[in-house]
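Here is a short report for a reader new to this structure. Take a look at the chain before reading on.

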Amino acid sequence: MGELRLGDDVDDFCIKCKRLTNHSVLSIVNGKAAKVRCRTCYHEQDFRDGVAPPSKKDLKKAELFQAVLSSIPAAGAAVADGGDPGAAATAPAGEAAPKKSARKSK
Ligand SMILES: [Zn+2]
């Protein structure tokens with residue numbers, strides 16, 4: 001394993017090309033590439049060691065997953081992301097009437 005130098009070619013995942021491409025090393029930190037430039041589209045980015053970033057689809061999935069988790073009181077408590085655990089409990093179960101059906105008694 002040779003020493004990394006500026007201008008060296010490294011494989012990395014280009015977020016513009018959305019695939020592994022050749023990159024030129026622009027800067028090195030602690031012997032590892034820090035900034036690289038895609039040799040296909042010349043996009044500069046932080047060196048990510050070929051790891052693809054989570055796609056928007058994955059992010060959306062994670063978001064939905066979290067939403068589902070937080071909608072379940074037990075699981076939501078386990079996640080413990082600062083949500084209000086009492087909020088779900090305070091909603092009166094029988095009073096969840098649709099807004100359209102106005103109560104004429106009041
Ligand atoms: Zn690229």
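This is a predicted model: local features need pLDDT of at least 70, side-chain atom pairs count only at pLDDT 80 or more; totals for chains, interfaces and linings use all residues.

Two strands count as paired if DSSP finds at least two bridges between them.

**Overview**

The protein chain holds three helices and four strands. From the N terminus on, the order is β-β-β-β-α-α-α. The chain has 106 residues, and buried residues make up 8% of them. Take the contacts between residues at least 6 apart in sequence. Of these, 29% join residues at least 24 apart.

In general, strands of a sheet pair through backbone hydrogen bonds, either parallel or antiparallel.

S1 (residues 9-14) pairs with S2 (residues 19-29) in the antiparallel sense, over six bridges. Asp11 has its bridge partner in S2: Asn22.

Val25 stands opposite Val36 in S3. S2 and S3 form a hairpin with two residues between them. In its turn, Asn30 has a positive phi of about 55°.

| Hairpin | Residues between the strands | Residue with positive phi |
|---|---|---|
| S2 and S3 | two residues | Asn30, about 55° |

**Leu4, before the sheet**

Leu4 is found in the segment before S1. Which residues does Leu4 touch, not counting those up to four places away in sequence? They are Val25, Ile28, Gly31, Lys32 and Ala33. Gly31 is 27 residues from Leu4 along the chain, yet their C-alpha atoms are separated by 6.5 Å. Is Leu4 buried or partly exposed? Leu4 is partly exposed, because 13 other C-beta atoms lie within 10 Å, while a buried residue needs 20 or more.

Pro53 is found in the loop between S4 and H1. Pro53 counts as exposed, because it has 12 C-beta neighbours inside 10 Å, and the exposed class covers 12 or fewer. Pro53 and Lys18 are 35 residues apart along the chain. Their C-alpha atoms are separated by 9.3 Å.

**Helix H1**

H1 (residues 56-71) has 16 residues. From its first C-alpha to its last, H1 reaches 22 Å. That is close to the 22 Å expected at 1.5 Å a residue. How many of the 16 residues of H1 are buried? The number is zero, so H1 lies largely in the open. An α-helix has 3.6 residues a turn, so residues three or four places apart point the same way.

Note on methods:
Residues are numbered from 1 along each chain as its sequence is written. Two residues are in contact if their C-beta atoms, placed from the backbone, lie within 7 Å. The expected span of a helix is 1.5 Å times one less than its number of residues.
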